[in-house]
Amino acid sequence: MEGQPSLVGETRLPTQRRVRQIWAIGGGKGGVGKSLLSSSLAISLSRTGNKVLAVDLDLGGANLHTTLGVDLPRQTLNDFFSERVNNIAACVSPTSIPNLEFISGAQDSVSIANVPETQKTRFMQAIRDVDADYVIFDLGAGTSAHTLDFFLAADINIVTLLPEPTSIENGYRFLKSAYFRRLWLSPKLHTMRQWIEIAMDSKNNEGIRSPSDLFRAATREHPELANLLKTEIERFRPKLILNQVRTHSDIEIGFSVKTVCKKYFGIELDYLGYLDYDSAVWQAIRRKRPVMLEFPNSKLVTSIDRLVDYLLKKHADQRSSLL
Ligand SMILES: Nc1ncnc2c1ncn2[C@@H]1O[C@H](COP(=O)(O)OP(=O)(O)OP(=O)(O)O)[C@@H](O)[C@H]1O
Ligand SMILES: [Mg+2]
């Protein structure tokens with residue numbers, strides 16, 4: 001495959017593209033289970049007969065390969081971003097799991113902040129045409145513009161958080177940042193960009209603290225764009241998976257987060273479900289084996305399979321709100 005022309009600049013209709021859906025797993029905080037969830041969803045999805053590609057976009061802190069139970073491969077995304085390889089297919093590595101391949105994140109001192117905008121666009125164009133039915137993005141922690149852009153470029157945007165105040169706080173920050181970034185990237189709302197930029201500065205002097213404040217301020221100046229803004233807001237439908245749940249009241253936190261998102265941000269968050277805290281996870285990680293394979297009878301495996309089944313049945317047609 002190496003040596004084929006890059007896909008940059010090719011214009012194709014979304015319907016003609018190889019990949020059916022991209023799922024992104026994000027969340028503001030480190031250590032909340034993004035990689036565990038990404039690898040487990042990828043394994044479960046590959047067992048449904050779909051061809052799956054898991055991509056480690058946690059540049060600088062890449063460890064998806066460990067949760068997939070494979071060694072760090074020679075080729076990484078760094079080779080694609082630095083144009084040492086032209087075709088993204090050259091960065092794809094096999095796993096021992098049928099139907100599942102993966103692309104390792106760049107480990108060698110490449111931080112996500114160092115990836116030029118053009119390379120990000122080149123990656124996003126190429127990834128829609130890899131030889132896979134589904135692509136899973138494992139994102140890094142934080143709310144950098146690149147991380148938000150990878151999150152928003154996906155068709156299914158999953159946020160994971162723990163039922164702890166620090167994680168919930170970071171989760172809100174991540175969702176709010178993704179939301180503003182989503183509006184900022186919309187070409188139709190170009191004339192509102194100035195307001196969106198003000199809103200993105202959390203200490204702005206205009207008193208814009210929440211997306212609803214932004215809506216009020218921006219539509220006062222551009223009333224003709226109110227409907228458009230509303231439509232763009234409604235198209236952002238992120239999903240929540242609560243991880244490491246220990247008690248019944250932990251489960252309820254997912255519903256509270258959903259309510260807060262609606263009330264204060266105007267974001268329609270789908271609470272997909274939760275994963276229990278399970279000692280099988282760290283035991284599997286210590287053995288450098290995927291928990292899905294090492295503990296096939298654990299409750300976690302059943303929960304993951306159920307989440308995949310739900311997403312395939314209920315959200316098969318969801319497309320990135322930026323397409
Ligand atoms: N459901 C769970 N039950 C028990 N332990 C868990 C569970 N989910 C995650 N963990 C533990 O949390 C640790 C962090 O998980 P993981 O590496 O997937 O998080 P992450 O969000 O990808 O972190 P980072 O932002 O650093 O990449 C794991 O090593 C594992 O031990
Ligand atoms: Mg991770």
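**Close-up views of a predicted chain**

**View 1. Strands β6 and β7 lie side by side.** β6 and β7 run parallel and are joined by four bridges. Strands pair here if DSSP finds at least two bridges between them, and helices (H or I, at least four residues) and strands (E, at least two) are DSSP runs numbered from the N terminus. In this pairing, Thr160 stands opposite Ile241 in β7. The model is predicted, so to speak of a local feature we ask for pLDDT of at least 70, and side-chain atom pairs count only at pLDDT 80 or more, while totals for chains, interfaces and linings use all residues. Residues are numbered from 1 along each chain as its sequence is written, and chains are lettered from A and ligands numbered from 1 in the order in which they are written.

**View 2. Strand β7 also meets β8.** On to the next partner: five bridges join β7 to strand β8 (residues 270–276), and the two run parallel. Leu242 stands opposite Tyr274 in β8. How many of the residues of β7 are buried? Seven of its seven are, which leaves the strand mostly covered. A residue is called buried if 20 or more other C-beta atoms lie within 10 Å of its own, exposed if 12 or fewer, and partly exposed in between, with C-beta atoms placed from the backbone.

**View 3. Leu240 sits in strand β7**. Leu240 counts as buried because 23 other C-beta atoms lie within 10 Å. Two residues are in contact if their C-beta atoms, placed from the backbone, lie within 7 Å. Leaving aside neighbours within four places in sequence, Leu240 is in contact with Val159, Gly254, Val257, Lys258, Leu269, Asp270, Tyr271 and Leu272.

**View 4. Strand β1 has two parallel partners.** Five bridges pair β1 with strand β5 (residues 134–139) in the parallel sense, and Ile22 stands opposite Val135 in β5. With strand β6 (residues 156–161), β1 pairs in the parallel sense over four bridges, and there Ala24 stands opposite Asn157 in β6. Strand β1 (residues 21–26) is mostly covered, with six of its six residues buried. Gln21, Trp23 and Ile25 point one way from the strand, whereas Ile22, Ala24 and Gly26 point the other way.

**View 5. Gly171 is placed in helix α6 (residues 165–185)**. Is Gly171 buried or exposed? Gly171 counts as buried, because it has 24 C-beta neighbours inside 10 Å. Beyond four places in sequence, Gly171 is in contact with Gly27, Gly28, Val159, Leu161 and Val257. Gly171 and Gly142 are 29 residues apart in sequence and 9.7 Å apart in space, C-alpha to C-alpha.

**View 6. Ligand 1 and its shell.** Here 19 residues surround ligand 1, and the closest are Gly30, Gly33, Lys34, Ser35 and Leu36. A residue is near a molecule if its C-beta atom, placed from the backbone, lies within 6 Å of it. Which elements supply at least two residues of the shell each? They are α1 (34–46), β7 (239–245) and α11. By class, the shell has eight nonpolar, eight polar and three charged residues. Ala, Val, Leu, Ile, Met, Phe, Trp, Tyr, Cys and Pro count as nonpolar, Asp, Glu, Lys and Arg as charged, and the others, Gly among them, as polar.

**View 7. Two loop residues with positive phi.** Asn99 is found in the loop between β3 (92–94) and β4 (100–103), and its phi is near 70°, a positive value in a residue other than glycine. Asn99 is partly exposed, with 19 other C-beta atoms within 10 Å. Lys288 is found in the loop between α11 (279–286) and α12 (291–294). Although Lys288 is not a glycine, it has a positive phi of about 55°. Lys288 is partly exposed, with 14 other C-beta atoms within 10 Å.

View 8. pLDDT is the predictor's confidence in each residue, from 0 to 100. Over residues 1–12 pLDDT stays under 50, and the model has 19 contacts beyond four places in sequence for this stretch. For the chain, the mean pLDDT is 89, and 93% of its residues reach 70 or more.
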